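Dear colleague,

Please find the structure below for your records. My notes on a pocket and on the charged pairs follow it.

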Amino acid sequence: EIFITRQINQDVKVQGWIKTTRSMKELLFCDINDGTTGENLQLVCNKAEKSKLSFGSSIEVNGKLAETPKGQLEVQVRDVKVIGECPAENYPYAARSSYSPEYIRENLHFRSRISAFNSMIRCRHELTNITNNYLHKEGFIQIHTPILSSNDCEGAGEVFAVRPDSDN
């Protein structure tokens with residue numbers, strides 16, 4: 001979506017996580033995604049970059065925006081900067097694999113990298129914005145009230161006394 005206003009052959013800088021890599025002859029193809037859309041962006045690199053680029057790594061790429069023979073956008077990579085490496089032995093997911101929601105919830109900090117959770121997060125964001133905008137236009141004010149919890153942290157449990165209506 002961010003490339004709709006871009007012109008073919010224009011210089012671009014993109015950042016994202018590597019979703020897949022494919023080697024073909026002297027070229028390396030990578031799909032990256034930054035979480036703002038469900039669509040991946042294809043990168044076309046020299047095979048010399050293969051040692052730097054692995055599944056799950058976060059990268060910054062400079063290159064030229066191009067169009068594939070099928071009419072999709074891709075970036076002809078000029079240079080790559082690895083922002084964060086992703087050693088396979090420490091990363092809980094594998095390329096082209098699917099996982100149960102229970103397994104994904106065990107690694108909450110990585111769940112936005114999973115397409116299904118990423119889509120849900122974007123839908124939730126849109127619904128929240130639509131609801132908030134409607135209520136704002138109708139004159140409502142949003143108030144963030146204290147959360148009542150049985151967890152006592154730093155003496156906060158002493159602020160309110162919460163008791164049942166009866167002993168039963």
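Which element supplies the largest share of the lining of the second largest pocket? The answer is β1, with 4 residues; strands (E, at least two residues) are DSSP runs numbered from the N terminus, as are helices (H or I, at least four). Please note that this is a predicted model, in which local features need pLDDT of at least 70 and side-chain atom pairs count only at pLDDT 80 or more, while totals for chains, interfaces and linings use all residues. Residues are numbered from 1 along each chain as its sequence is written, and side-chain values use heavy atoms, without hydrogens and water.

A pocket here is an open set of points on a 1 Å grid over the protein atoms alone, where a 1.4 Å probe fits, with protein on both sides within 12 Å along at least five of seven lines; lining residues have an atom within 4 Å of a point. The second largest pocket is lined by 21 residues, and K19, F55, S97, R113 and I114 lie nearest its centre. Both β1 (11-24) and α2 (115-137) supply at least two residues of that lining.

The structure holds 3 salt bridges (a side-chain nitrogen of Lys or Arg within 4 Å of a carboxyl oxygen of Asp or Glu). K64 pairs with D11 at 3.2 Å, N to O; K64 lies in β4 (residues 58-67) and D11 in β1, so this contact ties together parts 53 residues apart in sequence. R78 also forms a salt bridge with D11, at 3.5 Å, N to O. R22 and D31 form a salt bridge with their closest N and O atoms 3.2 Å apart. Shared partners join D11, K64 and R78 into one network.
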